[in-house]
Amino acid sequence: MSNIPEGAMDYIGMRTSEEFACEPVEPGAVRRYAQAIMDEAPIFAPDAGTDNRFGGPVAPPLFPQAMFRRAYGDPDPVQENAYNEDFDGSSGNRTLALPEIRQFRGFGVLNGGSEIEFYRYARYGERVKVTSFYEDIVEKQSSKGPIILIYIVSDYFTADDELLLRIRRISIRRPLK
């Protein structure tokens with residue numbers, strides 16, 4: 001007998017529309033990100049010449065996922081939901097704007113990790129967009145009982161549709177007893 005609720009498999013293949021980051025790759029944000037990850041490589045600096053193998057300054061490999069933040073002037077979802085008892089903060093994740101799989105409400109949730117494929121660095125001034133989709137839902141047996149793995153893929157592209165980064169996230173759900 002499967003522990004995957006009826007109708008949950010209908011979400012496989014469901015995709016978000018493309019969403020552009022609110023700003024292009026810009027030096028100040030790259031500097032703060034590079035400092036935060038403690039990697040101030042010369043290729044990330046604004047004065048990296050165009051004679052390097054990347055054709056100019058670039059952002060760190062995972063920077064595109066950090067570009068998707070609330071635009072200046074947009075409503076703050078935390079403030080809007082300050083008195084909403086059901087708000088768990090997850091709707092603020094702009095790169096995973098997929099609909100909630102309601103059939104998994106009431107299940108325990110764990111982060112199952114991420115697999116990352118890196119294709120190329122984002123260059124200063126480039127616009128970045130993302131689209132995400134439910135790739136698969138799989139039931140497995142663990143030493144503690146059944147678990148359900150939900151695979152979500154987010155692809156980050158340039159405005160010219162050149163793939164920069166693919167992140168495959170795994171969400172683990174466990175039926176509560």
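**Close-up 1. The largest nonpolar core of this predicted model has 22 residues.** V25, V30, F63, M67, F68, V128 and Y156 are the members that touch the most other members. A nonpolar core here is a set of buried Ala, Val, Leu, Ile, Met, Phe, Trp, Tyr and Cys residues joined through side-chain atoms within 4.5 Å. Buried means under 20% relative accessible area, exposed means over 50%, and partly exposed is in between (1.4 Å probe, protein chains only). The elements giving two or more residues to this core are α1 (27-36), β3 and β5, with the largest share, four residues, coming from α1. Helices (H or I, at least four residues) and strands (E, at least two) are DSSP runs, numbered from the N terminus. Residues are numbered from 1 along each chain as its sequence is written. Since this is a predicted model, local features need pLDDT of at least 70 and side-chain atom pairs count only at pLDDT 80 or more, while totals for chains, interfaces and linings use all residues; side-chain values use heavy atoms, with hydrogens and water left out.

**Close-up 2. Here is V25 with its contacts.** Leave aside the neighbours within four places in sequence, and V25 is in contact (heavy atoms within 4.5 Å) with V30, A59, F63, M67, A122, R123, Y124, G125, E126 and V128.

**Close-up 3. M9 sits in the segment before β1.** M9 counts as partly exposed because its relative accessibility is 39%. Neighbours within four places in sequence aside, M9 is in contact with I4 and I137. The C-alpha atoms of M9 and D136 are 8.0 Å apart, although 127 residues separate the two along the chain.

**Close-up 4. Five strands make an open sheet with antiparallel pairing.** Reading across, the order is β1-β3-β4-β5-β2. At the edges are β1 (19-20) and β2 (108-118), each pairing on one side only. Two strands pair if DSSP finds at least two bridges between them. For β4 (residues 145-158) and β5 (residues 163-174), there are ten bridges in the antiparallel sense. Look for I150, whose bridge partner in β5 is S171.

**Close-up 5. R120 and E126 form a salt bridge and are both buried.** Their closest N and O atoms are 2.7 Å apart. The term salt bridge covers a side-chain nitrogen of Lys or Arg within 4 Å of a carboxyl oxygen of Asp or Glu. The pair also belongs to a salt-bridge network linking R120, R123, E126 and E162. The whole structure holds eleven salt bridges.

**Close-up 6. K129 and D161 join distant parts of the chain.** Their side chains meet in a salt bridge at 2.5 Å, N to O. K129 is in strand β3 (residues 128-142) and D161 is in the loop between β4 and β5, 32 residues apart. K129 counts as buried because its relative accessible area is 4%.

**Close-up 7. E26 forms a salt bridge with R32.** The closest N and O atoms of E26 and R32 are 3.8 Å apart. E26 counts as partly exposed, at 25% relative accessibility, and R32 counts as partly exposed too, at 46%.
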